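Subject: Structure for you to look at

Hello,

Here is the structure I promised to pass on. Please open it first, then read the notes below.

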Amino acid sequence: ITDMPRCAKIIWRPHSNQKVKSYIIERKTLQDENWEEISVIKGRLNAEFIDLDLNDNFVYKYRVRVHTFDDIVSSPSQIVKVITKALPKSVTKITTTKPQG
C-alpha cells in the first residue's frame, strides 16, 4: 500500500506450503545496491508487514522470501515499489492585523 505518511504496508497471499515457518522481508532504496533483511514474520498465515519511520516522498522496494521448517529459503518474490507520501505544502503569505483600541 503506497502513499502513506512515513510508512509502507506490504500484504501478500499466505504461501500454500504447510511447512512455512516464516517470511523474510527485504528492502532497498534506489540508492542501495544490496537488499537488507528488515524483518522476519513468523507463521504461515501472518501475511502483512508495516514498515515505519520512513522518509517522506521516498521510493522503497520490497520483496519477500519464505523460510520453511526444513530450513529452506525460497527465491525472492516479485519486487513491489512503494512511494511514501510527501509532506503537505507549507502555509505562506500569512498576515496579521493589530486590534484597534
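A salt bridge here is a side-chain nitrogen of Lys or Arg within 4 Å of a carboxyl oxygen of Asp or Glu. K19 and D70 meet that rule, with their side chains at 3.4 Å, N to O. K19 sits in the loop between β1 and β2, and D70 in the loop between β5 and β6. The two are 51 residues apart, so this pair links distant parts of the chain. K19 is partly exposed at 44% relative accessibility. D70 is partly exposed too, at 46%.

One caution before the rest. This is a predicted model.

**Overall picture**

The protein chain has six strands and zero helices. From the N terminus the order is β-β-β-β-β-β. The radius of gyration is 20 Å, whereas a compact globule of 101 residues would have one near 13 Å. Along the principal axes, the C-alpha atoms fill a box of roughly 80 × 30 × 15 Å.

Buried residues make up 30% of the 101 in the chain. Take the contacts with a separation of 6 or more: 62% of them join residues 24 or more positions apart. The accessible surface is about 7,700 Å². Carbon and sulfur atoms hold 50% of that surface.

**Charges and salt bridges**

The chain carries 17 positive and 12 negative side chains. The centres of the two sets lie 8 Å apart. Side chains of opposite charge can pair when their charged atoms come close. How many salt bridges does the whole structure hold? The search finds six. K19 with D70 is one of them. Here are two others.

K9 and E48 form a salt bridge at 3.8 Å, N to O. K9 lies in strand β1 (residues 8-11) and E48 in strand β4 (residues 48-51), so the pair ties together parts that are 39 residues apart in sequence. K9 is partly exposed, with 22% relative accessibility. E48 is also partly exposed, at 42%.

R63 and E26 form a salt bridge at 2.5 Å, N to O. R63 is in strand β5 and E26 in strand β2, 37 residues apart. Are these two residues buried or exposed? Both R63 and E26 are buried. They also belong to a network of salt bridges that links E26, R63 and R65.

**A buried lysine without a partner**

Now look at K28, in strand β2. K28 is buried, yet it has no salt bridge. Which side chain of opposite charge is nearest to K28? That is D32, 7.6 Å away. The cut-off for a salt bridge is 4 Å, so D32 does not qualify as a partner at that distance. Leaving aside neighbours within four places in sequence, K28 is in contact with E33, N34, W35, Y60 and K61.

**A buried serine**

S39 is in strand β3, residues 36-42. Its relative accessible area is 17%. The limit for buried is under 20%, so S39 counts as buried. What does S39 touch beyond the residues up to four places away in sequence? The answer is Y23, I24, I25 and F49.

**Two backbone angles to check**

Most residues other than glycine have a negative phi.

- R6 has a positive phi of about 55° and is not a glycine. R6 lies in the segment before β1. At 44% relative accessibility, R6 is partly exposed.
- D71 has a positive phi of about 65° and is not a glycine either. D71 lies in the loop between β5 and β6. At 60% relative accessibility, D71 is exposed.

P88 is in the segment after β6. P88 has 68% relative accessibility; exposed means over 50%, so P88 falls in that class. P88 and L52 are 36 residues apart along the chain. Their C-alpha atoms are separated by 19 Å.

**Where to start**

Begin with R63 and E26, the buried pair. Then turn to K28, buried with no salt bridge. Finish with the positive phi angles at R6 and D71.

Best wishes

Terms used:
Residues are numbered from 1 along each chain as its sequence is written. This is a predicted model: local features need pLDDT of at least 70, side-chain atom pairs count only at pLDDT 80 or more; totals for chains, interfaces and linings use all residues. Side-chain values use heavy atoms; hydrogens and water are left out. Helices (H or I, at least four residues) and strands (E, at least two) are DSSP runs, numbered from the N terminus. The radius of gyration is taken over C-alpha atoms; the globule rule is 2.2 Å times the number of residues to the power 0.38. Buried means under 20% relative accessible area, exposed over 50%, partly exposed in between (1.4 Å probe, protein chains only). Contact means heavy atoms within 4.5 Å. Accessible areas come from the Shrake-Rupley method with a 1.4 Å probe; for residues, only the protein chains shown count as cover. Lys and Arg count as positive and Asp and Glu as negative; His and the chain ends are not counted. The place of a charge is taken as NZ of Lys, CZ of Arg, CG of Asp or CD of Glu.
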